Protein chains: 2
Amino acid sequence: MARRPLVIAFDVIETLFPLEPLRARILAAGAPGHVLELWFTRLLRDAFALTAAGGYRPFGEIAAGALESITSLSEDAVRGIVAGFAELDPHPDVAPALRRVREAGVSVITLTNGSAHTTRTLLRRAGVLDDVQQVLTVDDIQRWKPAPEIYQYAAHACQVEPGQVALVAAHGWDLHGAHQAGLVTGWVSRLEGRFPPVFAPPDVTGDGLVEVVEALLALTE
Amino acid sequence: MARRPLVIAFDVIETLFPLEPLRARILAAGAPGHVLELWFTRLLRDAFALTAAGGYRPFGEIAAGALESITSLSEDAVRGIVAGFAELDPHPDVAPALRRVREAGVSVITLTNGSAHTTRTLLRRAGVLDDVQQVLTVDDIQRWKPAPEIYQYAAHACQVEPGQVALVAAHGWDLHGAHQAGLVTGWVSRLEGRFPPVFAPPDVTGDGLVEVVEALLALTE
């Protein structure tokens, strides 16, 4: 039975910052726009393969390799597109959702497969860096989400039990990993629409971040 | 140092049987043709996420879920497209490559993330089922490639050491997992073109199956 969390961890890419602006960079470089979905899916496929097999590479390196593999873009063009990950704009409900959590006396952290540097840049641009108490990333322990170790690490870094941390994410695979590691899970439905049936269903659901956060805060202590 | 294998394990989907015929089914159902690449990539992404997080679902279920997630196709349409995995035609060099291995006194097995039933159907249609001594699949131990356990299981099923088995595959992620598990690795380059830089490089490479098999058989005993 999921209980009200002491810490809410937010996934970053797509959950707080949609990828849509990267499509314009892909088009400007001369590749078709639908490459965006294939690229990000392949990036995750390759990273999860490394995670399942034993192995690790940082986000930027896997991102560049995946984009080179599916297009004939030059290294420079790829670098220019990958740089766009640091210039994404937040969903409009990011600031209200984070502030609602802090007002409720619950800690806010981010837990990302991206780098700490890019994440801090994005949060600063979005005006919410001061609302985030810790910026945790897979680089810290060299295991990507959804391996259980990364979620357990997040709980350890906050000095709480895994069951006292909730993960908020737009991806079924991320929530599945968090669930397997014992965390509470909140799914933002606006990206995937229907929860992917092969993964463990989330504890709470909402169309936007504020709804998900309210549902987590409404759980019994 | 990679040595001449006693067993050569062939990956099945894309390595022996290209997916191109599925594109016609996708188009006939009313979805864009480029969905094929996104679908198969997402299928693997979701399966690898389960493998990394702890979890398992069979190929057909993840395939259907992934296709439903990225299109608005009906369940019936999805079922019709997924059924196409059992009606793929082999690359023309499959029969010559398998026979070359057998003539050299080396065992031939298949090792797939798909089901044994579909694999046997494909091999029978291709006229090579009698050339394959074992049809091994992730269903046997409920761990997908590239988890190390599945490659170790293949060696165990053949009563040899992992270093006495070679995996032949068209996918860098598959060869990475096999390498991590101690197998010899042979990459067929015609699908990916350039070996994905984030994975452990293969022991031998060839554009087609016969070239890869010859390179493996030429290794020192």
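Student: Why is the pairing of Glu68(A) and Arg194(B) called a salt bridge?
Tutor: The model is predicted, and in it the side chains of Glu68(A) and Arg194(B) come to 2.7 Å, N to O. The rule asks for a side-chain nitrogen of Lys or Arg within 4 Å of a carboxyl oxygen of Asp or Glu, so the pair qualifies. Across the interface of chain B and chain A the rule finds two salt bridges.

Student: How many residue pairs are in polar contact between chain B and chain A?
Tutor: Six residue pairs, with both residues at pLDDT 80 or more. On the side of chain B that touches chain A, the elements giving two or more residues are H2 (35–53), H3 (59–70) and H8 (172–180) of chain B. H2(B) gives the most, with 13 residues. By class, that side of chain B divides into 16 nonpolar, nine polar and nine charged residues.

Student: What describes the size of the interface?
Tutor: The size of an interface is often given as the accessible area lost when the parts come together. Between chain B and chain A the buried area is about 2800 Å², and carbon and sulfur atoms give 66% of it. The contact takes 34 residues from chain B and 34 residues from chain A.

Student: How do you know how the two copies are related?
Tutor: Chain B is superposed on chain A by a rotation of 180 degrees with 0.0 Å of shift along its axis, at an RMSD of 0.0 Å. The two copies are therefore related as by a two-fold rotation axis. The same surface serves both copies, since 100% of the contact residues of chain B recur in chain A.

Student: What makes Phe59(B) and Phe85(B) an aromatic pair, and why edge-to-face?
Tutor: The structure holds 12 aromatic pairs over all chains. For Phe59(B) and Phe85(B) the centres are 4.9 Å apart and the planes stand at 90 degrees. Centres within 6.5 Å make a pair and planes over 60 degrees apart count as edge-to-face, so both terms apply. The pair links distant parts of the chain, 26 residues apart: Phe59(B) is in H3 of chain B, and Phe85(B) is in the loop between H4 (75–82) and H5 (94–103) of chain B.

Student: What is omega for the peptide bond from Lys145(A) to Pro146(A)?
Tutor: Omega is near 10 degrees, and the bond is cis. Pro146(A) lies in the loop between S3 (134–137) and H7 (148–157) of chain A. In chain B, a cis peptide bond joins Lys145(B) and Pro146(B), with omega about 10 degrees.

Technical notes. Residues are numbered from 1 along each chain as its sequence is written. Chains are lettered from A and ligands numbered from 1 in the order in which they are written. This is a predicted model: local features need pLDDT of at least 70, side-chain atom pairs count only at pLDDT 80 or more; totals for chains, interfaces and linings use all residues. Side-chain values use heavy atoms; hydrogens and water are left out. Contact means heavy atoms within 4.5 Å. Buried area is the accessible area (1.4 Å probe) that two parts lose on being put together, summed over both. A polar contact is a pair of N or O atoms within 3.5 Å; within protein, one must be able to donate a hydrogen and the other to accept it, and residues adjacent in sequence count only if both atoms are side-chain atoms. Helices (H or I, at least four residues) and strands (E, at least two) are DSSP runs, numbered from the N terminus. Ala, Val, Leu, Ile, Met, Phe, Trp, Tyr, Cys and Pro count as nonpolar, Asp, Glu, Lys and Arg as charged, and the others, Gly among them, as polar. Copies are superposed by least squares on the C-alpha atoms of residues with pLDDT of at least 70 in both. Rings of Phe, Tyr and Trp (its six-membered ring) pair if their centres lie within 6.5 Å; planes under 30 degrees apart count as stacked, over 60 as edge-to-face and the rest as tilted.
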